[in-house]
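Please read it beside the sequence and the coordinates.

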Amino acid sequence: MVLLLLVLGTVLLALPPGPGRRARMRLGLAVVLGFTGTDHLVNPWRYLPMMPEIVPFPHGVVLATGLCEILGGLGLLWPRTRRLAGTLLAVFFVCVLPANIKAAAQGIMIVGLEAPAWACWARIPAQALVVWWALYAAGIIRPPAARACPGRLAASAASAPNRLS
């Protein structure tokens, strides 16, 4: 899932910036979560080997993660639940990190979604990006440039020549 999100995120970020960027990222995350959540529900056996042994009822937890992904993605699309969904998805992505660590450390591949070993290890730090993505898509955080220079847009607009006169 993380690699798919990285590819999709790169494409979405490469599109021109503007008011639609956050909406595109929100839609992209919702679509990916819909697909991965559905796969967790339809093929839970593919994810069982990743489950740390300490997790009780692994089959039920895999099904629950699928529901969390689907509901979280849908929640991002509805303005009334967007911020809550983004917050809960960020927590969710942190909670699934132990499964990604186990998969990388033990070389566990998801059947049908095999990837090179480096990709399994790349998923671990990429979780931070996915947490950021959920928070950004939900409107909880602003892009780094907007935080660093909040008056930048106003200053550039004030210094721009008046083309109407």
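## A buried alanine

A90 counts as buried because its relative accessibility is 8%, where buried means under 20% relative accessible area, exposed over 50% and partly exposed in between, computed with a 1.4 Å probe and protein chains only. The residue is found in helix α4, helices being DSSP runs of H or I with at least four residues and strands being runs of E with at least two, numbered from the N terminus. Leaving aside neighbours within four places in sequence, A90 is in contact with V131, A134 and L135, contact meaning heavy atoms within 4.5 Å. The C-alpha atoms of A90 and A134 are 5.9 Å apart in space, although these residues are 44 apart in sequence.

## Basis of the model

This is a predicted model, in which local features need pLDDT of at least 70 and side-chain atom pairs count only at pLDDT 80 or more, whereas totals for chains, interfaces and linings use all residues. Residues are numbered from 1 along each chain as its sequence is written, and side-chain values use heavy atoms, with hydrogens and water left out.

## Overall fold

The chain contains eight helices and zero strands, and along the sequence it reads α-α-α-α-α-α-α-α. Of its 165 residues, 36% count as buried. Among contacts between residues at least 6 apart in sequence, 66% join residues at least 24 apart. The accessible surface of the chain comes to about 9,600 Å², and 74% of this surface belongs to carbon and sulfur atoms; accessible areas come from the Shrake-Rupley method with a 1.4 Å probe, and for residues only the protein chains shown count as cover.

## Nonpolar cores

The largest nonpolar core has 18 residues, of which L29, L76, L89 and F93 touch the most other members; such a core is a set of buried Ala, Val, Leu, Ile, Met, Phe, Trp, Tyr and Cys residues joined through side-chain atoms within 4.5 Å. Helices α2, α4 (82-95) and α6 (117-137) each supply at least two residues of this core, and the largest share, seven residues, comes from α6. A second, separate core is made of eight residues, among them M50, A99, A103 and I110.

The elements that give two or more residues to the patch are α2 (21-42) and α3 (58-77), and α2 provides the largest share, with five residues.

## Salt bridges

The structure holds two salt bridges, each defined as a side-chain nitrogen of Lys or Arg within 4 Å of a carboxyl oxygen of Asp or Glu. D39 forms a salt bridge with R46, with the closest N and O atoms 2.5 Å apart, and both D39 and R46 are buried.

In the other bridge, the side chains of E53 and K102 meet at 2.9 Å, N to O. E53 lies in the loop between α2 and α3 while K102 lies in helix α5 (residues 97-106), so the pair ties together parts that are 49 residues apart in sequence. The C-alpha atoms of E53 and K102 are separated by 9.8 Å. E53 counts as exposed because its relative accessibility is 64%, whereas K102 counts as buried at 11%.

## A loop residue and the cysteines

F57 also lies in the loop between α2 and α3, and its phi is near 50 degrees, a positive value in a residue other than glycine. With a relative accessible area of 72%, F57 is exposed.

The disulfide count comes to zero, a disulfide being a pair of cysteine sulfur atoms within 2.5 Å. For C95, which is in no disulfide, the nearest cysteine sulfur is that of C68, 9.0 Å away. C95 is exposed, with a relative accessible area of 54%, while C120 counts as buried at 6% relative accessibility.
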